[in-house]
Amino acid sequence: MMTAARAADSGPGELDRYTYAEAPAGERAAIRSWNGPDNELGRVGRRGSASRGRGLHGQLVQQLGQMIVSGDLGADRPLVPEEIGQRFEVSRTVVRESLRVLEAKGLVSARPNVGTRVRPVSDWNLLDPDIIEWRAFGPQRDDQRRELSQLRWTIEPLAASLAAGHGREDLQQRLADMVEIMGHALGQGDAITCARADAEFHALLIQAAGNRMLEHLSGIVSAALHVSGGPVTGCDRPSEASLGHHARIVEALASGDSAGAEAAMRQLLVGHVEVEREVEREVDRVVPAPREH
């Protein structure tokens, strides 16, 4: 729970009145307290571990976003900015900016005489990396991870095939460097370095494809690696097979073998799926540290 914002952005012990999509007075009178013991809004305090490494604005986006995606907050009641500010002890500026971020993601809408309300799932930007992460660690985790795997099977083999035809020696060398770093990190048991090199490898590969529309989808792959066991495949569970698939992709790119690069990527993705399933059978995954805005 956030506790240090009030003095920074508003008067001591008082929140300025916030006019952004204020709920009508009639509806506000019927709204339950955020602090009620049976109110779903009170549960957010138990999710504090998801707020590491963020400022107040980022923390509020994270908390409200998780609550919306998990279904704790629904369209049955408006989101009243003053109540949000009081519940999280943040200023109207923090609330306003956080709601604007959520509105840009398609999670909420603000209209005069209606207030700020949660929008249906069909309106959400499901390709937004934050929403991908929130869905992947909420009640929709199985659907989200299945959809991510299916999307990666479309994006990354295509990227590997295209990259083999572009002959970008600079990017190929950087990909080879990432494989070398991963191999060294595996030997040292350095999971963090290995995971970072793995994520960089996949981002570079999409860049090497030379397709700007694919590049715009790179955030999806990064989010998928963050939540669906990508780094686990390469690092937390050392696998010579996984490292070999990465190396074969680089070799295929160097020789201009589009089919070979695509096949090696598909083999790598199969390994990702298998390890993810193994991890899920053993332990509940922890929500990752949120990304910065």
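Colleague: How do you know that the span of H9 agrees with what its 18 residues should give?
Modeller: At 1.5 Å a residue, H9 should span 26 Å, and its end C-alpha atoms are 25 Å apart, so the two agree. Keep in mind that this is a predicted model.

Colleague: Which residues of H9 are buried?
Modeller: They are Cys194, Ala195, Ala197, Asp198, Phe201, His202, Leu204, Leu205, Ile206 and Ala208. As for the spacing, an α-helix has 3.6 residues a turn, so residues three or four places apart point the same way.

Colleague: What follows H9?
Modeller: Gly210 does, and its phi is positive, near 70°.

Colleague: What does Leu205 touch, leaving aside its neighbours within four places in sequence?
Modeller: Leu205 is in contact with Glu156, Ala159, Ala160, Ala163, Leu175, Ile249, Leu253 and Met265.

Colleague: What does Leu64 touch, not counting residues up to four places away in sequence?
Modeller: Leu73, Ile84, Phe88, Leu99 and Leu102. Take Leu102: it is 38 residues from Leu64 in sequence, with 8.4 Å between their C-alpha atoms.

Colleague: Now Arg174. Why is Arg174 called partly exposed?
Modeller: Partly exposed runs between the buried limit of 20% and the exposed limit of 50%. Arg174 has a relative accessible area of 38%, so it belongs in that middle class. Arg174 is part of helix H8.

Colleague: Where is Arg174 relative to Leu205, in sequence and in space?
Modeller: They are 31 residues apart in sequence and 9.6 Å apart in space, C-alpha to C-alpha. Leaving aside neighbours within four places in sequence, Arg174 is in contact with Glu200 and Leu204.

Colleague: What makes Lys105 and Asp128 a salt bridge?
Modeller: The cut-off is 4 Å from a side-chain nitrogen of Lys or Arg to a carboxyl oxygen of Asp or Glu. Lys105 and Asp128 meet at 2.9 Å, N to O, so by that cut-off they qualify.

Colleague: Which parts does that pair tie together?
Modeller: Lys105 lies in the loop between helix H5 (92-104) and strand E1 (108-111), while Asp128 lies in the loop between strand E2 (115-118) and helix H6 (129-136), so the bridge ties together parts that are 23 residues apart in sequence.

Colleague: Are Lys105 and Asp128 buried or exposed?
Modeller: Lys105 has 6% relative accessibility, so it counts as buried. Asp128, at 12% relative accessibility, counts as buried too.

Colleague: How do you know that Arg119 and Asp123 form a salt bridge?
Modeller: Their side chains meet at 3.6 Å, N to O, and the limit is 4 Å, so the pair counts. Arg119 is partly exposed at 27% relative accessibility. Asp123 is partly exposed as well, with a relative accessible area of 34%.

Colleague: And what makes Asp170 and Arg168 a salt bridge?
Modeller: The N to O value is 3.1 Å, and a bridge has to be within 4 Å, so this pair passes. Asp170 counts as partly exposed at 41% relative accessibility, and Arg168 counts as partly exposed at 34%.

Colleague: How many salt bridges does a search of the whole structure find?
Modeller: It finds 12. Arg96, Glu97 and Arg100 are linked in a network of them.

Colleague: How many helices and strands are there in the protein?
Modeller: There are 14 helices and two strands. Of the 293 residues, 48% count as buried.

Definitions and conventions. Residues are numbered from 1 along each chain as its sequence is written. This is a predicted model: local features need pLDDT of at least 70, side-chain atom pairs count only at pLDDT 80 or more; totals for chains, interfaces and linings use all residues. Side-chain values use heavy atoms; hydrogens and water are left out. Contact means heavy atoms within 4.5 Å. Helices (H or I, at least four residues) and strands (E, at least two) are DSSP runs, numbered from the N terminus. Buried means under 20% relative accessible area, exposed over 50%, partly exposed in between (1.4 Å probe, protein chains only). The expected span of a helix is 1.5 Å times one less than its number of residues.
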